[in-house]
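Here's a quick briefing for anyone opening this structure for the first time. Take a look, then read on.

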Amino acid sequence: MNEVIRELEAEVLRTDIPTFNIGDTLKVFFKVVEGKKERVQPFEGVVTKVQNGGISRSFTVRKILQGVGIEKTFLFNSPRLTEVKILREGKARRAKLLYLRDKIGTKANRIKAKDPRFN
Amino acid sequence: MKEINKGLVTKKLGMSQVFNADGEVVQVTVLQALENVIVQKKLADKDGYQALQVGVNETKEVKLIKPVIGQFKDVKRFFKKLIELRLTKIDQLNIGDNLNVTIFDENEKVNVSGVTKGKGFTGCVKRHNFTIGPISHGSKHHRRGGSNGAGTGQGKVWKGQKMPGHDGHMNVTVKNLKVVKVLAERNIIMVKGAVPGPVGQVVKVYN
C-alpha cells in the first residue's frame, strides 16, 4: 500500500475498540438506521474471523438464533459501531473458526473458556 | 457542449475507503496532484486548438537536450514531462502559474482519463467477451473465436471483425465520478470508484 494512503487511513483509525481474540464471546453494539430513525442494536456471539488491515479491518461474530446460525461482519473503524464488550475469553486453536458452521445442536458455538494460567 | 474549465494532472496512489456522514463506506481512489506548472498556452487562432500545456516532474536544465530546453524559455523551469489539458477557458491563467486540487469542490462530478493496464495479446474470450465452447465430450472448440464471416460468395473478412489481438493500454475516460474529499495541504483528491491504470499512473482529472 502507498505510504500516503497508509498515513491518511491512520488518521481515522479507531483506538477505542478493545483488543479481543478469535473465540472470544462479544456483545457488539451498533447503530441501525431504519428510514430516518436510528437505534442501537446489540449482537452477542463468538468471534470467528478477523480480516484485513488498515481502515477496512473487519471481524465476524456468530450466534445461533432459533436454531439458525447467524453471522454478522463489522468494520472496526465504522462510526456506526458504538461499543464492543468482551463477555468471555475463549480458547481457540485456529485463526478462523469456520468449522463452527458444520456443528449442530449443543456443540455449535461452544468454545472452551481460556485457561487463565496461560494468559 | 459542457464547458471544461478545470483540469489537473494527478498520480494514482491507489484505492482506499472512507466513511461518509451517514457512516456508510465509500470506496475511493486516491489521486495526488503533481506540480502542474503552465508552460505554454495553446491558442485556437495560433495553434488551431486551445489547451494548456503543463509541466510535471521538475528536473534540471543539464539533463535535457537543447530542443526541449527551448520549450521552457518562458517559465525558466524545467520538467521531464509535458501534458496538455484541453480546456475551454484559459484566459485567466498565465504561464508559470501552478494548478492544484483546490480548483475542485467536494461532491462535484469529474471525469478521469488515463491509460488502462495493458493485457498483452489476448484471445477473443477475454478481449470481446465471446462465449466459450464445451470443455469436454470430445469438443475441441474450447476458447476459439469461431467463424470469421461468410464463405466464398463474400470472399473477404469484414473490417472490424472481432478477433484476438492486443488488449488494454488504451486511453479510457471514466465519467461522472464524485469528488469525495479534497485535501489541500497534501494536494490530494479522492474520487468515488475506480480510475484507469495501475498504481503510479498519471491520470488527468477534468470537471
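This is a predicted model: local features need pLDDT of at least 70, side-chain atom pairs count only at pLDDT 80 or more; totals for chains, interfaces and linings use all residues.

Residues are numbered from 1 along each chain as its sequence is written, chains are lettered from A and ligands numbered from 1 in the order in which they are written, and side-chain values use heavy atoms, with hydrogens and water left out.

**The interface**
- Chain A brings 14 residues to the contact and chain B brings 15 (contact means heavy atoms within 4.5 Å).
- Together the two chains bury about 1200 Å², with 62% of that on carbon and sulfur atoms (buried area is the accessible area, 1.4 Å probe, that two parts lose on being put together, summed over both).
- A:Ile5, A:Leu8 and A:Arg80 supply 37% of what chain A buries against chain B, more than any other three residues.

**Charged pairs**
- The rule finds 3 salt bridges across this interface (a side-chain nitrogen of Lys or Arg within 4 Å of a carboxyl oxygen of Asp or Glu).
- B:Arg186 and A:Glu7 meet through their side chains in a salt bridge, at 3.1 Å from N to O.

**A look at B:Gln201**
- B:Gln201 counts as buried because its relative accessibility is 19% (buried means under 20% relative accessible area, exposed over 50%, partly exposed in between, with a 1.4 Å probe and protein chains only).
- Leaving aside neighbours within four places in sequence, B:Gln201 is in contact with B:Thr10, B:Lys11, B:Lys12, B:Val115 and B:Pro196.
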